[in-house]
Amino acid sequence: MLLRKKVLIILFLVLSLCVIACSSQNRLINLEKIVRYDPYNWMETEQEKTHHWLLSESDRSIKILEKLDWFAPTKKRLEELTEYGTEPIIFYIRLQGNNTFYFKQTAQYPYNRLFVKDRFGKETLLIDPPAGYGIYDFYPSYDGQYIAYSIAENGSNVSTIKVFNLKTRTHLADHISGITDTNLLWAEDNLSFFYHRNNLYHANNIKAGIEEMFFHRLGSDSKKDIKIFGKDQLVNYDARTDQNTFLSLASNWAVASTSSSISGYNIDLYRLPRENLKQNNVSWEKIINRKQNVTDFLLKDDWLFLAKYNDYSGYSIFRVNLNHIHQSAEKIIEWQNGDLTNFVANQEAIYMTYHDSGQLKFVSIPFADIHHIKNIPISNNNEVTAIFTNSEQNEILFTQQSWTSPPKIFRYHPNNQLIEDSKILNPDHTLFSEYDSEQKWVKSNDGTLIPLTLIYKKGMKFDRSAPTWLTAYGAYGESEFPNYDASRLIWLEKGGIIAIAHVRGGGELGPKWHDDGRGYKKQNSINDFIKCAEYLIHNQYTQPSKLVISGNSAGGIVIGMALIKRPDLFAAASIKVGMLNMSRLDKIPIGMANFEEFGSPFKKHELENLVNIDTYLNLKEGVKYPNVMVSVGLKDDRVPPWQSAKFAAKLNDIKRQQDEKVLIITDQYGGHFMNNFLYMMTFFLWKTHSEH
């Protein structure tokens, strides 16, 4: 009897496991059917036909928008704001000796031009790129005679390194193509430099390749450049797609880092004696692996300074001696619940900014006494968005700005701790004088408090009447800290409120904040955003008929799925170059590099998660969706236009009984960073200020 009972129990367990296995298999088959049965699949493969459709729809959309009463005044005001006070935009500053190099944009020249200002304040234009091209990085040699820079066709992620002689004002013959991320470093002789290049650039397949470092001498054939870092120089090298590679040099050591993907925090670190660096067939030694949670590093003499994320969703700063790499690291400082935003060094100290439980800290750590940490004062509510210095300088420049204060560049003298205006910029502080910003905390579905930034006119009454523009990104650990944008005034001057939802998936509250919005936890990002929208409505800031939302690229996941889950909350939505068909992640150029962030379609459970955040697949017949605008660049080599095209076509099919189709803005010559602001703002004003 007992034996029969055991047999029955075993049979029951076997049958149960079979049922579970069959159910799991059926679910997978259903998922695959959902992904494969796709009436708009032709848009992925028939590029010319898709582009023609997008351009045709764009012509229709632009005609509609440009006929609106809102278009002309919006365009005029945007031109005024971008030209206000004829004050230029200056950024990406590099100090070298007595010279200050920088990019500058003006109303007349709204693109990067490279300038130098000498110690007497004389400004000289060095590089003005030809039409259709842009310059993105530049690196002056230590002696100030040469400057290397990268130039690319507009919209392209692949650039070319060129070298300019500052004394003769002529270009050298050096011309190195196939560069995906410059990261150039001059050698001490000022006649050679190190750079890195994708190994598959010749095959036009850079997303499947790996970054390798080379050594180049001025005047030599780049085809004969010495490869100093790559899979041939490393033991058990785990090359990943879209990796980032960086090189740093000290007197005795070279240290190189690699990171695995665009969403990865952790890096591997390798060391090599400096004297061996320019030799063929060198062998690097791995000294830090990704499991040690190191995210950034600095090199000073024989000391390696490491930034590591800790168990408190913050960071710890350590140092270790490269001559005794296996000895215990020495802790310098740590904090919790906050991002590390700047980590640089000059001749005498490390300068860093970080957020400790919501509080911005700006400190220096002297190399002579690493435990004598100095706090550097900054204005209330301002963010230090950049620090400019180099290993030969003692002073630093840093930029301060806020949501309502324009960028201003200050000079810091560490000897007397004096902070003074560098006078590089003279911004107009009156534009936002009538506006204020504050941060609210919104409880999400699981009780987590989400930061929500609000910008509005001082003294505004919150009576549900204000048109409100809510945005979010929430991916890759990218943080949205205070930044100034004069174009926001177009919305604010019409009585609007601007809201920025700092949803999980970003990095505002540290690495855990990112981790809680990635992979199978991506639903948190969407839930956070919806709760922020509900908060604005429940607290009388606005109402659904006046609430508009926008997001770009990976932010399109949040905006798209918010539309799917709560179409009743929003009047309109704008999605630019959006990732809207996530179950097809492997079919886009940056797909494999995104598996770590969102999941892989080749794994059953991860495919299920991707389907759950796939805006295109989750559109349903019979639902009244808000008005939508999508924007694409036909030369986008990150998120292909068909992701937006399929979504728009399917939504149009669902809206076939309604009067208005999806508006589409197509930039024929633009890439991933195409500009749709004028049309988006016209669209939002139309949908929130007009009677329908």
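**Close-up views of helix packing and loop residues**

**View 1. Pro640 in its loop.** Pro640 is placed in the loop between β35 (627-633) and α12; helices (H or I, at least four residues) and strands (E, at least two) are DSSP runs, numbered from the N terminus. The model is predicted, so local features need pLDDT of at least 70 and side-chain atom pairs count only at pLDDT 80 or more, whereas totals for chains, interfaces and linings use all residues. Residues are numbered from 1 along each chain as its sequence is written, and side-chain values use heavy atoms, with hydrogens and water left out. With a relative accessible area of 10%, Pro640 is buried (buried means under 20% relative accessible area, exposed over 50%, and partly exposed in between, for a 1.4 Å probe and protein chains only). Not counting residues up to four places away in sequence, Pro640 touches Ile588 and Pro589, where contact means heavy atoms within 4.5 Å. The C-alpha atoms of Pro640 and Asp38 are separated by 17 Å, although these residues lie 602 residues apart along the chain.

**View 2. Helix α3 against helix α12.** Helix α3 (residues 47-66) and helix α12 (residues 642-654) have axes that come within 11 Å and cross at roughly 60°. This angle makes α3 oblique to α12. Axes are lines fitted to C-alpha atoms, for helices over the stretch in contact, and angles run from 0 to 180 degrees between N-to-C directions. Angles under 35 degrees count as roughly parallel, over 145 as roughly antiparallel, 65 to 115 as roughly perpendicular and the rest as oblique. The crossing of α3 past α12 is left-handed; a crossing is left-handed if the near helix is turned anticlockwise from the far one by less than a right angle, and right-handed if clockwise. On the α3 side, Thr50, Trp53, Leu54 and Glu57 meet Ala645, Ala648, Ala649 and Asn652 of α12. By class, the residues of this contact of α3 with α12 are five nonpolar, two polar and one charged. Here Ala, Val, Leu, Ile, Met, Phe, Trp, Tyr, Cys and Pro count as nonpolar, Asp, Glu, Lys and Arg as charged, and the others, Gly among them, as polar. An α-helix has 3.6 residues a turn, so residues three or four places apart point the same way.

View 3. Lys655 is found in the loop between α12 and β36 (663-667). Its relative accessible area is 4%, and Lys655 is therefore buried. Leaving aside neighbours within four places in sequence, Lys655 is in contact with Tyr625, Pro626, Asn627 and Glu660. Lys655 and Phe683 are 28 residues apart along the chain, and their C-alpha atoms are separated by 18 Å.

View 4. Helix α13 (residues 677-689) has 13 residues and reaches 18 Å from its first C-alpha to its last, close to the 18 Å expected at 1.5 Å a residue; the expected span is 1.5 Å times one less than the number of residues. Because 12 of the 13 residues of α13 are buried, this helix is largely enclosed by the rest of the structure. Among its buried residues are Phe677, Leu678, Met680 and Lys687. The axes of α3 and α13 come within 10 Å and cross at roughly 60°, which makes α3 oblique to α13. The contact joins Ile62, Ile64, Leu65 and Glu66 of α3 to Tyr679, Thr682, Phe683 and Trp686 of α13. Its residues divide into six nonpolar, one polar and one charged. The passage of α3 across α13 is a left-handed crossing.

**View 5. Helix α7 against helix α8.** Helix α7 (residues 522-538) and helix α8 (residues 555-565) pack at an angle of about 65°, with their axes 9 Å apart. That angle makes α7 roughly perpendicular to α8, and α7 passes α8 in a right-handed crossing. From α7, the contact takes in Lys522, Gln523, Ser525, Ile526, Phe529 and Ile530, and from α8, Ile557, Val558, Ile559, Met561, Ala562 and Lys565. Eight nonpolar, two polar and two charged residues make up the contact of α7 with α8.

**View 6. Loop residues with positive phi.** Ser357 lies in the loop between β22 (349-356) and β23 (359-366). Phi of Ser357 is near 50°, a positive value in a residue other than glycine, and Ser357 counts as partly exposed at 42% relative accessibility. Arg464 is found in the loop between β30 (449-457) and β31 (468-471). Although not a glycine, Arg464 has a positive phi of about 75°; with a relative accessible area of 31%, Arg464 is partly exposed.
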